[in-house]
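Please open the structure in your viewer and keep the selection tool ready. The tour goes from stop to stop, saying what to select and what is found there.

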Amino acid sequence: MPSALWPLPSALALVALAAVVSGQTPPGAGIIRGRVDVRRVLTPVERRPSISELGTPVPHDPIDFTRSVVYLESAPAAAFADLEPQRARMDQRNATFVPHVLAITVGTTVDFPNNDHTYHNVFSLRGPKPFDLGRYAAGKSRSVRFDRPGIVRVFCEIHSHMSAFILVFSHRYFAVTGSDGRYQIGRVPPGRYTLMAWNEGSVRESRPILVPEDQGIVEADFTLR
Amino acid sequence: MDIVHIRASVPRRAAPLMIFLGVCVIAARAASAQELPSGPISLAGGRVMVGADVSFSTSTEKDDAAKPAESGWFNYTDYEHSTMRLARMGVTADVRITDRVSFLAEMRSENGDAPRPYALFVRVRPFKQRPIDIQAGRIPPTFGAFSRRIYGDGNPLIGYPLAYQYLTSLRADAIPADADELLRMRGRGWRASYRVGAQTAAPGMPLITAFRWDTGVQARIGPERLTASVAVTNGTLSDPRTKDTNDGKQVTGRLQWRPTIGLVLGGSAARGSYLADSTLAAMSLPAGAGGRSAQRAVGVDAEYSRDHWLVRGEAVRNRWEMPTLISSINASSVFVEGTYKIRPGLFAAARIDTLRFNRLTTPTQSRTWDAPITRFETGVGYYVQRNLLAKGTYQYNRRDGGLVRRRSLVAVQLQFWL
């Protein structure tokens, strides 16, 4: 994956976008928006066959695979200079990571609160920030700061079906799609870019776009199969 | 030995390879073009889950029946394989027939043997809202905790706890005619022979075997915080059976309590007849001995974890009735193991383990009926990826009997599971 991909989770994305929009807008900056229609049939990673259990395992919440991340493959140099340290959150709830996809900028600290009545052990073995938070109980939280761009695969050591993605971007031109598949990337300086649509582990589609000099809106829809 | 072999139309040595290749083909179909699955394979809209466990271990231990003076057989199992030199392949399946009925199975092969059904049972949840489960068939062990965590990375080391693996000199199909004959077999559990019953030499029994599951019916009641399980099975802890060889069923119970997050406490008890009717028929009983052939066991286990630590321990007290002897023969085992994660993907683990036996007194000698043994194992594990684990361990065994009384060995293992 290119090194320039990375956004915020659904709710947090809105906060981040609001912050971005409230900042100083470059002259002629435009907006890229659209909808990502995920038509891929994705099967969640389930727990292993519970062959050695003495009974039926406790059920867990389903994973929302429809969230995608749309981002610019490359960005103007100024986009890398003004990244403010931020804070984001990935819950552990009903044996599921919520959100399943989190997109942040470099320097963001992510909190991992445990909201279940059982242990979780959040870890990541590869990528820009290997970490292992150990086991901690309900109501407790531990944090990780991500200082390098990349894709972080997050797992729980205790619950094999639990997994999530954190996309760490070195620029701010990205967005996580909402529940309706819509996204919006604001304050984009005029120019030619490649827009990428990422879903569940890899870039599924990309396309060149042109952001005009008149603060225009660029519409870009994706259908991921 | 009550071993069920599945008839295979492929050559014996090729069967495990066929299973593995079959899983790979399914995996390749289920996975995206770029990556192999890191989790089980889902088929039929999630109603069928297929998992796999593959492990290869090798060690400096080179037991050889042709060199008895050099062979300690400390890690031998009742399938006559060493846990430290073992190629194991297993395929598990969970078929959800309805929301309340599932069929679960595992086919397993060790060291190229023909695959055999390690687990084969149906799970029924009669009430949707009540935490009651019934399982019938070749079911998971009710007693203790270790047997149920041998999958994936459940065992932080390569060796098994003594209570679950080490072969005592007792057998279910042959018994000593008197105490002196039993004492002559001290430290020879890998190949014991007696005058009563089967005449050929064969491996003895562990206290609880982790390598075969029993056949019967099991019920679990209660929420996760406090659960009670009870099972009625054909065999016993030492000698699980598909077909019963005597009139006595084994009854096993387990109570498990989670008083707080991170702490699990368990207590188990079992009683069943372990001697085959053919063995009892082959002997002449001393006065008052009756037909006693029960195995009784009680055990406690605990697990505590916090931060990067995980500590587990189990204690088992076991008694076998021996109809040719006036007194019962007892065995006790305790182990404690700990795991600490040093950094992401890397952990260290250690286990201290002991197995003790009661003393028998004859006109000529007074000794424990089998040789007490102590084992220490320590090692490190590294996750090459989430479901690919490499381990290296050092194991030291000390035994008060047998031709080889001390044995140090180094072992390595590679495990993959999905």
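**Stop 1: a buried charged pair**

Select B:Glu337 and B:Arg312: both are buried, where buried means under 20% relative accessible area, exposed means over 50%, and partly exposed lies in between (1.4 Å probe, protein chains only). The model is predicted, so local features need pLDDT of at least 70 and side-chain atom pairs count only at pLDDT 80 or more, while totals for chains, interfaces and linings use all residues. Residues are numbered from 1 along each chain as its sequence is written, chains are lettered from A and ligands numbered from 1 in the order in which they are written, and side-chain values use heavy atoms, with hydrogens and water left out.

Show the two side chains. B:Glu337 and B:Arg312 meet in a salt bridge, with 3.8 Å from N to O. This pair links distant parts of the chain, as B:Glu337 is in strand 15 of chain B and B:Arg312 is in strand 14 of chain B, 25 residues apart. A salt bridge here is a side-chain nitrogen of Lys or Arg within 4 Å of a carboxyl oxygen of Asp or Glu. Helices (H or I, at least four residues) and strands (E, at least two) are DSSP runs, numbered from the N terminus.

**Stop 2**

Select B:Asp307 and B:Arg306. Their side chains form a salt bridge of 3.9 Å, N to O. Is B:Asp307 buried or partly exposed? B:Asp307 has a relative accessible area of 26%, so it is partly exposed. B:Arg306 is also partly exposed, because its value is 49%.

Move to chain A and select A:Arg145 with A:Asp147. In this salt bridge the closest N and O atoms are 2.6 Å apart. A:Arg145 counts as partly exposed because its relative accessible area is 39%, and A:Asp147 is partly exposed at 42%. Over all chains, the structure holds 33 salt bridges.

**Stop 3: a nonpolar patch**

Select B:Trp309, B:Val311, B:Val334, B:Val336, B:Tyr340, B:Ile342, B:Ile352, B:Phe376, B:Tyr394 and B:Val410, which make a nonpolar surface patch of about 850 Å². Patches are made of residues with over 30% relative accessible area and no salt bridge; like charges are joined within 9 Å, and nonpolar side chains (Val, Leu, Ile, Met, Phe, Trp, Tyr) within 5 Å. Accessible areas come from the Shrake-Rupley method with a 1.4 Å probe, and for residues only the protein chains shown count as cover.

Which strand of chain B gives the most to the nonpolar patch? Strand 15 does, with 4 residues. Strand 14 (309–320) and strand 15 (329–343) each supply at least two. Then pick out B:Val410, in strand 21 (residues 406–417) of chain B. B:Val410 counts as partly exposed because its relative accessibility is 45%.

**Stop 4: where the chains meet**

Colour chain A and chain B separately. Here 40 residues of chain A are in contact with 50 residues of chain B, contact meaning heavy atoms within 4.5 Å. The two chains bury about 3200 Å² between them, 55% of it on carbon and sulfur atoms. In chain A, A:Arg48, A:Ile51 and A:Leu54 lose the most area to chain B, together 27% of what that side buries. Buried area is the accessible area (1.4 Å probe) that two parts lose on being put together, summed over both.

How many salt bridges are counted between chain A and chain B? The count is 4. Select A:Asp132 and B:Lys341, whose side chains meet in a salt bridge (3.2 Å, N to O). Strand 9 (131–136) of chain A is one of the strands that supply at least two residues of the side touching chain B. Strand 9 gives the largest share of that side, 5 residues.

**Stop 5: one residue, then the whole chain**

Select B:Ala87, in strand 3 (residues 87–96) of chain B. B:Ala87 is partly exposed because its relative accessible area is 23%. Among the residues that B:Ala87 touches, not counting those up to four places away in sequence, are B:Ser55, B:Phe56 and B:Ser109.

Finally, select all of chain B, which has 4 helices and 21 strands. Of its 418 residues, 55% count as buried.
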